[in-house]
Amino acid sequence: LLSTITMTTIGALPQLCDVLRLLQEEQDQCLQELSKDRREDVSPQLPVPGCEGLWDNMSCWPSSAPGHTVEVECPRFLQMLTSRNGSLFRNCTPDGWSETFPRPDLACGVNVNDSSNERRHAYLLKLKVMYTVGYSSSLVMLLVALSILCALRRLHCTRNYIHMHLFVSFILRALSNFIKDAVLFSSDDVTYCDTHRVGCKLVMIFFQYCIMANYAWLLVEGLYLHTLLVISFFSERKCLQGFIALGWGSPAVFVASWAITRHFLEDIGCWDINANASIWWVIRGPVILSILINFILFINILRILMRKLRTQETGGNEVNQYKRLAKSTLLLIPLFGVHYIVFAFSPEDAMEVQLFFELALGSFQGLVVAILYCFLNGEVQLEVQKKWRQWNLQGFPLRPVALSLSFSNGTSGPTHGTKGSPSEQSRGICRASII
């Protein structure tokens with residue numbers, strides 16, 4: 001799309017590269033046919049007066065005798081733009097070809113006086129600015145959040161490892177959008193388009209993979225939370241390995257299938273336009289399925305939490321810990337899934353609204369994730385404060401040792417409650433409280 005823009009471009013409008021390529025193909029075919037006709041008509045007799053075949057930079061007109069009216073279909077590039085069939089005419093007169101009638105814009109459904117295209121272009125430019133700002137801010141905040149979680153070793157546990165993978169998926173999604181825009185909208189020169197056609201398709205494959213991986217890791221967040229509430233004891237290491245295979249492996253399978261299918265059945269342009277709906281469902285279907293699974297988990301998680309509160313089968317502190325654990329994930333599931341399902345079956349008239357949700361608002365999703373899973377995370381805030389105080393103490397080595405000991409005892413006691421190894425304390429922190 002200006003994209004999709006994103007997943008399907010501007011109401012499936014073709015890129016200028018596709019139009020120029022189609023025009024070049026039409027011109028080559030026309031000139032070959034006209035050259036063939038001239039060779040076949042060569043004779044020692046005097047040439048018969050008439051109109052020679054003509055390529056007028058839009059349509060191919062075959063040779064004709066005077067007094068005849070020649071009819072040709074609307075140029076294919078106009079049919080691509082308007083999805084409308086029509087005919088153009090020229091009269092062959094003793095003085096040569098007449099002007100084309102009716103005007104191509106009227107016969108082929110292109111309204112040159114229609115200002116809606118200009119308004120739409122201005123709207124898309126505003127969207128481009130918005131999602132550029134959104135992805136840029138998300139990228140910066142995600143990199144900061146990822147650095148914090150990686151640096152604080154006490155927070156290294158399965159839950160935060162999943163958060164890290166989710167951050168990486170959002171980072172890749174933002175980068176893939178910037179790369180795609182740089183490739184698709186850097187130039188409309190025909191030579192450029194032909195030269196970078198393979199590279200452009202690879203960029204679109206990478207872009208679609210990042211989109212799918214992002215939704216896959218949102219599914220992993222829901223699955224992990226559901227597993228914590230339903231299963232009392234399980235191997236978190238094996239669980240994490242399975243989640244990594246699901247989050248990064250399953251999108252690769254579907255995107256590879258989509259690329260192979262497009263290569264053999266719809267190898268058109270840069271693969272940025274998904275005109276064949278059945279092929280597009282190879283990617284759209286798994287994404288919608290993952291969102292639906294997350295919604296089912298969402299409902300069941302709410303049911304389990306309500307049951308625990310009613311029956312009081314667990315202690316108050318544990319219930320509060322589960323509530324904190326669920327807060328961010330339960331927010332993200334509907335927040336990041338509703339619009340995709342709604343617009344997956346929406347008519348073309350809703351394209352501008354879809355682009356607004358998919359691009360303008362969707363670009364800030366990474367920022368929201370970084371805030372929820374890192375900057376508002378109570379344990380992350382506590383660890384950052386402890387590190388900051390330790391750095392301040394190291395900056396003043398002449399301070400009394402008692403002050404350092406007092407600080408150490410004051411922070412470790414109420415925070416952890418019981419003594420144990422750092423790894424055990426870390427696992428307890430991660431499992432008990434996430435937000």
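The side chain of Ser-98 reaches the backbone nitrogen of Asn-91 at 2.8 Å. This distance, like every value in this report, comes from a predicted model. Ser-98 sits in the loop that runs between strand 5 (96-97) and helix 3 (104-107). When neighbours within four places in sequence are set aside, Ser-98 is in contact with Arg-90 and Asn-91.

Pro-102 is also placed in the loop between strand 5 and helix 3. The peptide bond that joins Phe-101 and Pro-102 is cis, with omega at about -15 degrees.

**Two other loop residues**

Asn-57 belongs to the loop between strand 1 (54-55) and strand 2 (60-61). Its phi is positive, at about 75 degrees, although Asn-57 is not a glycine. Is Asn-57 buried or exposed? The relative accessible area of Asn-57 is 56%, and residues over 50% count as exposed, so Asn-57 is exposed.

Gly-362 lies in the loop between helix 11 (351-361) and helix 12. With a relative accessibility of 5%, Gly-362 counts as buried, because the cut-off for buried is under 20%. In sequence, Gly-362 and Tyr-135 are 227 residues apart, while their C-alpha atoms are 8.7 Å apart in space.

**Helix packing**

Two packed helices are described by the angle between their axes and the distance between the axes.

| Helix pair | Axis distance | Angle | Handedness |
|---|---|---|---|
| Helix 5 (158-184) and helix 7 (197-230) | within 8 Å | roughly 155 degrees | left-handed |
| Helix 5 and helix 12 (365-375) | within 10 Å | roughly 160 degrees | left-handed |
| Helix 7 and helix 8 (236-265) | 9 Å | about 150 degrees | right-handed |

The axes of helix 5 and helix 7 cross at roughly 155 degrees. Angles over 145 degrees count as roughly antiparallel, and therefore helix 5 and helix 7 are described in that way. By class, the contact of helix 5 with helix 7 has 21 nonpolar, 7 polar and 4 charged residues.

For helix 5 and helix 12, the axes cross at roughly 160 degrees. That angle makes helix 5 roughly antiparallel to helix 12. Which residues of helix 5 meet helix 12? On the helix 5 side they are Arg-159, His-163, Leu-166, Phe-167, Phe-170 and Arg-173. On the helix 12 side the residues are Gln-365, Gly-366, Val-369, Ala-370, Tyr-373 and Cys-374. Divided by class, this contact of helix 5 with helix 12 has 7 nonpolar, 3 polar and 2 charged residues.

Helix 7 also packs with helix 8, at an angle of about 150 degrees. Helix 7 and helix 8 are therefore roughly antiparallel to each other. Helix 7 passes helix 8 in a right-handed crossing. How many nonpolar residues does the contact of helix 7 with helix 8 have? The contact has 23 nonpolar residues, along with 2 polar and 1 charged.

Conventions
Residues are numbered from 1 along each chain as its sequence is written. This is a predicted model: local features need pLDDT of at least 70, side-chain atom pairs count only at pLDDT 80 or more; totals for chains, interfaces and linings use all residues. Side-chain values use heavy atoms; hydrogens and water are left out. Axes are lines fitted to C-alpha atoms, for helices over the stretch in contact, and angles run from 0 to 180 degrees between N-to-C directions. Helices (H or I, at least four residues) and strands (E, at least two) are DSSP runs, numbered from the N terminus. Angles under 35 degrees count as roughly parallel, over 145 as roughly antiparallel, 65 to 115 as roughly perpendicular and the rest as oblique. A crossing is left-handed if the near helix is turned anticlockwise from the far one by less than a right angle, and right-handed if clockwise. Ala, Val, Leu, Ile, Met, Phe, Trp, Tyr, Cys and Pro count as nonpolar, Asp, Glu, Lys and Arg as charged, and the others, Gly among them, as polar. A polar contact is a pair of N or O atoms within 3.5 Å; within protein, one must be able to donate a hydrogen and the other to accept it, and residues adjacent in sequence count only if both atoms are side-chain atoms. Contact means heavy atoms within 4.5 Å. Buried means under 20% relative accessible area, exposed over 50%, partly exposed in between (1.4 Å probe, protein chains only).
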